[in-house]
Amino acid sequence: MFGQLFISGLATGSLYALTAVAVVVVFRNTRTINLAQGDFSMIGAFVALVLIKSFAFNYYFALAGSVVFCIGLGILAERVVMRQIADSDWLTLFTATLGMYYILHGVAGHFWGRDTKAFPLTFDPTPINVFGGIISQGHVVNMAWAAAIGLVLFIFFKYTKQGIAMRAVTDDPETAALMGIPVRFIVLLTWGMAGFLAAFAGVLIAPIIYVSPEMMDEVLIKGYVAAVFGGLYSIPGAIIGALLIGICENLAGGYLGSHFKTVTAFAMIVLLLAFRPHGLFGIQKRREV
Amino acid sequence: MRRSYKSFITAAGVGVLSLAAFGAQAANGPGVTDKEILICSYQPMTGKVSSYFRMGKGADAWFKHVNANGGINGRMIKYKMVDDKYEPARTKNIVKRFVERDKCFAIVAPLGSAPTKAVIDYIVEKGIPLIGAGTGAAKNVFYKSRTVFPLYPPYDKEGTDLVRFTKEVFGAKKIGVIYQNDASGKTHLKGIEVGLKQYGIKMVASEGYEPKEVDLSSQVIKMKNANVDAMICSCAPEPAAKVYTERAKLGLKVPVVNVFFGKSPKVPELAGQAAVEGVYFATIFREWDDPNEHIQKAKGILTKYYPEEQHDAVHLWGFTGAQVFSEAIKRMGSGDITRARLLDTLEGIDNWKGSVVPVVDIGEVGPGEEAIKHLLVPSMNYVVYKGGKFQPFTPPWMK
Amino acid sequence: MADINAAFKAKMVQRKWAAMGVLFLAAVIFPMAPGVESWMASEATLIIMYIMAAQGVSILTGYTGLVTVGHGGFLAVGAYASALSTKYLGTDLITGMFVGAAMSAFVGWALGLVFLRLSGAFMAIGTLGFAFFVGTVVNNVPIFEGREGISLPKNHVIGFEIGDIGFYYTALAALGVTTLFVSLLVRSGVGRAFMALRDSEKAAEASGVNRVFYRTLAFSLSAAVTGVAGVLFAHYVNYVSSEVFADIWYSVDFLVATVVGGSAVLLGPFVGGLFVAFLPTFIELFVDQPGDLAFIIKGGALIFVLIVAPAGVVVGLVQLFRWLRGKLGGDTQ
Amino acid sequence: MTLLRLSNLEASYGAVRALQGVSMDVAEGAVVAVLGANGAGKSTTLKAISGVVKPTAGEIEFDGKRLNGMTPNQIVRLGIAQVPEGRKIFKDLTVAENLRMGAYARSDKAEISKDLDMILELFPRLSERAKQLGGTLSGGEQQMLAIGRGLMARPRLLLLDEPSLGLAPIIIADIFATLRKINEEKRMTMLVVEQNANIALKNSSFGYVLQVGRVAVEGVAGDLRQNKEVIESYMGA
Amino acid sequence: MTSHLRCDEVTVRFGGVVACNKISLDVEEGKIIGLIGPNGAGKTTLFNVLSRFQDCDDGHVYYRDQQIDAKNTHDMINLGMARTFQNINLFGEQTTLENILIGAHHLIGNPYSNMLWLPSARRNERELTDRAVEIAEMLNLGDELDNPVKNLPYGHQKRVEMARALAAKPEMILLDEPVAGCNDEETAELKEIVKRINSELGITIFLVEHDMAMVMTVCDYICVINFGANLAQGTPSEIQSNRDVIKAYLGEDDE
């Protein structure tokens with residue numbers, strides 16, 4: 001049973017991971033916890049669904065369309081809303097993203113209804129055996145996608161000029177500006193990246209949790225928890241946090257009983273924060289005067 | 001500024017006067033004029049269970065159809081739905097508004113166990129007929145009042161029946177139960193426990209899930225590990241789809257029966273036909289693809305007024321209350337429409353086959369008796385999903 | 001210059017109290033006014049409950065600077081404490097409020113200790129986790145009766161049964177008490193210590209403010225006020241259920257109410273509570289079955305407020321008023 | 001020829017009037033020192049030149065162009081790089097990445113890699129640690145990295161904010177020797193803010209002494225080193 | 001001479017960096033003592049150790065011979081030690097009066113009766129307010145009592161910080177760069193105030209400052225540190241003529 005619970009948990013965790021990474025990327029460059037991140041994904045899933053159903057796109061073109069749309073959405077969010085209040089305190093930024101959450105929820109509900117919709121299965125539903133556990137091919141493909149995106153991000157942040165500049169802005173925006181890095185453009189890029197990740201998260205998860213305006217609520221919260229778990233600044237931390245939460249949830253559900261399953265993530269985060277207030281990989285700031 | 005204030009006063013004055021005129025018509029009940037009958041319902045149009053707003057849409061479609069065909073005995077039915085977000089405190093205020101401001105004649109086909117629990121005392125106290133509320137919670141179904149007309153049987157009775165089903169159809173000795181960790185699931189569980197004793201069956205695994213849970217794999221894995229002979233699934237359509245997907249994935253071949261509120265074309269649509277093949281469902285309505293004329297008519301009506309909607313059992317919940325109410329008004333003819341007459345007329349509906357429900361047979365509730373005898377849909381049927389459609393299935397004891 | 005300022009400030013304070021007085025007087029007369037029906041009082045009751053809950057949030061988030069997304073949890077603690085004591089001990093509404101406040105304060109104190117070193121986004125997720133935790137407990141521990149819920153008898157105050165109007169007055173009185181309490185608190189030395197911790201922990205500690213003590217105190221006072229609101233929520237519909245009280249949207253709504261009105265202003269929760277509780281009803285006056293439109297309007301209004309008046313509607317209005325006065329004054333000169 | 005000219009520059013942070021009318025001239029190819037105690041406005045002057053602090057009054061002119069109102073990245077593109085006070089190394093970036101960020105505003109790849117080689121040659125310690133995170137370097141190495149990062153922009157004017165801060169004397173001497181070498185070989189103009197008056201004046205041609213946001217003394221470096229006022233402004237006699 | 005505050009071989013390390021290396025010094029009761037040293041010499045770290053914002057890795061700190069290196073930060077006020085900050089650290093949204101009152105926080109008595117404004121608290125609050133007004137007047141802040149401090153000019157803000165420290169009725173005040181960023185006029189004013197606090201109220205003052213003119217004219221005794229270690233101690237005139245100190249300040253001069 002352990003193997004099966006573990007593998008299923010890993011699969012679920014990888015679904016949280018993309019959202020967690022997006023939460024980190026936006027937070028560390030803009031101090032914003034983006035509560036609309038899940039809804040970017042939700043809109044992305046709907047866009048892909050419409051492209052497939054009404055315009056007869058194939059899966060990959062629909063995914064590409066969704067990615068383009070979500071990047072636009074992210075950029076729009078930055079230009080129209082977040083830039084206006086960029087200098088405000090943390091709480092204001094947080095609440096503004098909540099406003100975007102309401103709007104996107106309403107827009108999706110208005111145009112596509114509150115019904116749960118199926119997303120066409122793209123892969124053979126026959127499951128396969130991995131290390132004594134059974135896993136569906138869709139999950140395997142999703143994990144592969146997530147890993148591929150992780151790799152792309154790694155290369156982007158490690159080797160490209162804009163990627164390194166993004167990390168430099170995270171580190172110290174003022175000095176980054178002194179180096180000639182256009183900080184505002186980097187922030188725009190950050191939101192674009194949030195949209196990019198959102199589209200993948202939404203389209204990949206859609207066949208599993210189906211498409212509805214509320215589809216990402218639970219995933220967003222788990223993603224946020226995972227991001228905090230990893231310390232809110234670390235992308236590998238967020239990924240590890242997401243996988244850990246997926247696995248622990250499933251193990252708790254399996255061994256302690258399903259009552260404990262959904263609260264596991266929160267029990268974990270409360271315990272962690274009680275002992276490490278800046279997350280697992282967070283920077284413990286020195287008390288400087 | 002000043003002018004708008006004045007016009008506001010004028011409008012308010014007119015409002016008060018017209019209200020007064022309204023109350024003066026003594027013969028008809030509140031909300032009833034010679035042209036119109038106002039009935040109301042609260043629905044979760046937004047918020048966490050907004051997908052159940054389908055019930056309201058079903059009822060609304062029916063009344064739109066009635067009005068488009070000239071109403072009933074010359075009266076139009078005005079069906080007012082208000083969003084309560086599934087928050088009981090809001091439901092309470094909305095119902096008070098229905099009663100005090102809008103003067104609703106009756107409350108027809110509202111949705112929700114928790115919201116209804118919060119307002120049923122008030123509704124009964126005011127003598128408002130409550131017809132076909134979408135709730136199977138014991139308090140609402142067994143309420144001691146003649147004005148309450150519950151829609152479907154309480155969940156615990158269904159639970160007991162499902163245990164019998166696993167024994168007599170599947171020949172099961174040890175079963176597993178997956179249930180939604182809320183009032184519906186837990187009430188099912190209560191009934192199941194009664195059934196276990198009654199039919200001498202063991203429950204070797206029982207796993208709950210939260211309505212929004214992303215992944216239900218651990219629950220199904222536990223079923224597999226407990227080596228159950230059969231499963232009872234007290235699941236709403238979306239989670240049911242997840243359960244059957246996982247079940248197919250793990251190759252868990254044991255027979256399954258699902259409670260009636262999970263019986264929806266959504267399930268095979270979301271999970272894929274193969275995963276749902278051979279699953280039994282309890283049901284209280286006819287199938288959407290049943291050639292029965294009333295179902296086909298309902299299908300046409302829903303498609304006409306809510307073209308985006310996919311046909312679901314929850315729509316039929318709404319249809320049921322709406323159709324029974326319309327029938328009662330029709331039977332009341334051209335006389336005064338009062339609440340007392342409505343109750344009498346409803347209780348007089350016996351062996352009526354004119355709705356989406358196979359037979360409506362409403363009993364009589366005497367003073368101090370429980371409303372359970374008022375059930376609009378007293379009987380439960382079964383279907384099995386085979387070859388891409390739900391097919392009627394008759395268990396041995398019903399033959 | 002200073003004298004003018006002091007005089008201006010004194011005048012503003014006077015006006016604030018005058019405004020509050022008028023507000024409460026209006027609220028007392030309101031149900032008796034001609035044309036007012038009982039449902040309007042019920043609508044007002046809902047708003048009162050939201051205002052009170054937001055007052056609790058404002059103690060922590062506004063005055064102490066700790067953002068909470070978990071006050072729905074304290075709402076539940078208050079509601080269940082009173083519901084259980086009503087069911088098993090037969091207490092009345094007033095006693096229930098004290099029980100709810102005390103229980104909530106205790107839980108708040110404990111949570112404050114656990115989250116001693118958190119701030120910002122970490123505090124937000126921690127408190128959110130707390131709300132979920134409370135939800136799981138009330139859903140699964142048998143005494144709370146899960147989503148089936150506990151139905152309560154009709155409300156009594158010192159032996160008399162009260163109807164909805166009576167409940168309105170009880171809630172109003174409770175709001176009066178909490179408002180008085182919050183206004184005294186924030187002007188007191190303790191309130192100053194809260195705000196000092198918010199503005200600069202270092203300077204506060206150097207001035208002798210015991211961070212541990214005052215943070216936990218802020219947590220428990222804040223929890224107590226929201227807990228009283230929870231008691232009212234429970235008794236208003238005579239029913240508690242985990243389906244209702246385990247919902248994180250209450251937490252979010254209370255935070256929104258606090259931010260919209262102005263988090264560290266006495267009148268802030270009044271405006272914010274009105275915004276959150278009354279907006280849906282308000283929209284319905286103009287649009288039949290607004291559904292998703294209500295969501296869009298709510299989000300749009302929220303963002304609009306944040307852009308136009310980042311410190312909240314009340315502060316924004318005061319600034320607008322001052323600006324207008326300066327402008328008009330300038331014109332006459 | 002004057003490369004940079006400040007005239008009556010004023011700037012403030014909130015309530016602090018950091019600059020109250022500073023005027024300076026920096027000739028092309030020169031090393032100019034700006035001295036003064038803490039809070040005299042030295043760093044603010046540099047920040048105003050780089051466009052991070054917006055001056056409230058006065059003019060900044062670089063190579064005949066007015067810099068007021070330009071964004072920092074426009075200013076970097078014009079050829080002004082800054083080595084900020086306290087090094088301000090990107091701690092989570094490697095040494096190589098830090099250097100690469102110095103060249104952010106440039107797109108001539110071949111030249112960039114040439115400059116990179118040049119800098120690694122100039123500071124061999126950095127080439128040993130190219131893959132280490134900036135935060136793990138010692139203070140002296142960080143200063144070298146900060147200077148290298150500034151040079152990567154291939155600026156015409158390099159602004160250095162207290163390069164000697166917190167470093168041991170031997171390392172300070174080393175760093176200034178390198179700076180002088182760069183100045184001589186590349187004819188790079190430098191404006192050095194320093195507290196360490198002796199070393200700064202020894203390595204520069206002209207000096208300004210700031211006091212509370214104003215230029216108190218100015219003169220040829222050699223003269224300033226003998227100037228009583230300079231010592232007084234430091235020792236408060 | 002009575003020792004008011006004494007540190008004994010205090011050592012603080014941040015990772016590999018030694019910020020304070022066995023620093024020892026003694027602050028004599030009733031005097032004004034200055035601590036100077038070039039930027040990065042470890043002055044602020046030492047200050048933080050003394051006011052318990054920073055733990056020391058080695059060595060001890062004594063306040064009137066009582067060892068305090070394990071005390072809570074907020075307990076220092078009860079002992080009688082108040083401090084100000086290098087970069088002004090006021091409660092910006094609040095008025096001058098409120099800022100000063102925060103300084104008197106440890107005198108509010110029972111917090112529970114205070115927050116409910118019980119009669120005793122009311123009396124106490126009136127006394128504290130009266131005293132705060134007195135202090136404000138002493139520091140020429142009488143006109144600014146009701147202004148939010150963020151609107152005050154810089155020099156005033158510096159004085160509000162000092163007033164806040166005074167409101168605690170301390171026996172000793174640590175001043176972290178009291179005149180940094182001030183112009184000549186403001187500096188002169190603050191200098192006068194520091195002297196008056198010391199002479200009229202008998203409060204021991206220990207200050208870190210970069211403005212040598214101020215240090216030399218105000219202080220009775222000066223400690224110099226460099227590279228985290230003691231460099232020299234003595235009266236202003238001794239320090240001014242100390243070769244090591246001049247070298248440390250003006251830089252290594254090897255010619």
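Across the interface of chain A and chain C, one salt bridge is found. Welcome to this predicted model, in which seven pairs of chains touch and the pair with the most contacts is A and C.

**Where chains A and C meet**

- The salt bridge joins Asp292(C) to Arg114(A), and their closest N and O atoms lie 2.4 Å apart.
- Chain A brings 46 residues to this contact, while chain C brings 40 residues.
- The size of an interface is often given as the accessible area lost when the parts come together.
- For chains A and C, the area buried between them is about 3,600 Å², with 78% of it on carbon and sulfur atoms.

**Chains that do not touch**

- Chains C and D make no contact, and 17 Å separates their nearest C-alpha atoms.
- Chains B and E do not touch either, with their nearest C-alpha atoms 32 Å apart.

**Helix packing in chain A**

- Two packed helices are described by the angle between their axes and the distance between the axes.
- Helix H1 of chain A (residues 2-30) and helix H10 of chain A (residues 235-256) cross at roughly 145°, and their axes come within 6 Å.
- The H1(A)–H10(A) crossing is right-handed.
- Sorted by class, the residues in the contact of H1(A) with H10(A) are 19 nonpolar, seven polar and two charged.
- Helix H3 of chain A (residues 59-81) packs with helix H8 of chain A (residues 183-209) at an angle of about 145°, with 7 Å between their axes.
- The crossing of H3(A) and H8(A) is right-handed too.
- On the H3(A) side, the residues that meet H8(A) include Tyr59(A), Leu63(A), Cys70(A), Gly74(A), Glu78(A) and Arg79(A).
- On the H8(A) side, the partners include Val187(A), Trp191(A), Gly195(A), Phe196(A), Phe200(A) and Leu204(A).
- This contact of H3(A) with H8(A) is made up of 15 nonpolar, four polar and two charged residues.

**The two domains of chain B**

- The domain assignment divides chain B into domain 1 (36-153 + 289-374) and domain 2 (155-283).
- Taken over C-alpha atoms, the centres of domain 1 of chain B and domain 2 of chain B are 29 Å apart.
- Twelve residues from domain 1 of chain B and eleven residues from domain 2 of chain B take part in the contact.
- Between them, domain 1 and domain 2 of chain B bury about 1,100 Å², and 50% of that area is on carbon and sulfur atoms.
- The salt-bridge count between domain 1 and domain 2 of chain B is zero.

Definitions and conventions:
Residues numbered from 1 in each chain as written. Chains lettered and ligands numbered in written order. Predicted model: local features only at pLDDT ≥ 70, side-chain atom pairs only at ≥ 80, totals over all residues. Heavy atoms only, no water. Axes fitted to C-alpha atoms, helices over the stretch in contact; angles between N-to-C directions. Helix = DSSP H or I, 4+ residues; strand = E, 2+ residues; numbered from the N terminus. Left-handed = near helix turned anticlockwise from the far one by under 90°. Contact = heavy atoms within 4.5 Å. Nonpolar A, V, L, I, M, F, W, Y, C, P; charged D, E, K, R; others polar. Domains from an automatic or database assignment. Buried area = accessible area lost by both parts, 1.4 Å probe. Salt bridge = Lys/Arg side-chain N within 4 Å of Asp/Glu carboxyl O.
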